[in-house]
Amino acid sequence: MTEEMIRSSALRVLCAQVQEEPAHVVPESHLEGELRIDDAGLSSVLAALRAEFGLPADTLTSRFVTVRQVLDEVVVSAARAREPAPGPDHRAIVLEVFRH
């Protein structure tokens, strides 16, 4: 999934959560002032974004002010989630085999 696809999907999820048309929401939109998202609403939005992108519960925990900040963090978190887990240390395995 490209960065633009992630941003687009994240914006779609955010807009669905706040019942707002995507055409009316721009990256500079202020979450509380313009979109009227309070702390409880933001928690719901972030939970929906975590679910959409399969992100762990400890992601998207910052205090966000604008839509752009949310989208940027979703992109970063989604990239981290896609990184492969470190593989086994093959050198250590070989050394252990030769010790016995």
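Does E32 count as buried, partly exposed or exposed, and at what relative accessibility? In this predicted model, E32 counts as partly exposed, at 47% relative accessibility. The side chain of E32 meets that of R63 in a salt bridge, with an N to O distance of 3.6 Å. This pair links distant parts of the chain, since E32 sits in the loop between α1 and α2 and R63 in the loop between α2 and α3, 31 residues apart.

A step back gives the overall picture. The chain holds four helices and zero strands, in the order α-α-α-α from the N terminus on. Of its 100 residues, 32% are buried. Among contacts with a separation of 6 or more, 59% come from residues 24 or more positions apart. The chain exposes about 6800 Å², and carbon and sulfur atoms supply 54% of that area.

Salt bridges number six in the model. One of them joins R12 and E52, whose closest N and O atoms are 3.1 Å apart. R12 belongs to helix α1 and E52 to helix α2, so the pair ties together parts that are 40 residues apart in sequence. R12 is partly exposed, at 43% relative accessible area, and E52 is partly exposed as well, at 40%. Within helix α1 (residues 3-18), E3 and R7 lie four residues apart, about one turn of the helix, and their side chains form a salt bridge of 3.3 Å, N to O. E3, R7 and D72 are linked in a network of salt bridges.

The loop between α2 (39-53) and α3 (67-82) also contains T59, a buried residue with a relative accessible area of 13%. Beyond residues up to four places away in sequence, T59 touches R50 and S77.

How values were computed. Residues are numbered from 1 along each chain as its sequence is written. This is a predicted model: local features need pLDDT of at least 70, side-chain atom pairs count only at pLDDT 80 or more; totals for chains, interfaces and linings use all residues. Side-chain values use heavy atoms; hydrogens and water are left out. Helices (H or I, at least four residues) and strands (E, at least two) are DSSP runs, numbered from the N terminus. Buried means under 20% relative accessible area, exposed over 50%, partly exposed in between (1.4 Å probe, protein chains only). Contact means heavy atoms within 4.5 Å. Accessible areas come from the Shrake-Rupley method with a 1.4 Å probe; for residues, only the protein chains shown count as cover. A salt bridge is a side-chain nitrogen of Lys or Arg within 4 Å of a carboxyl oxygen of Asp or Glu.
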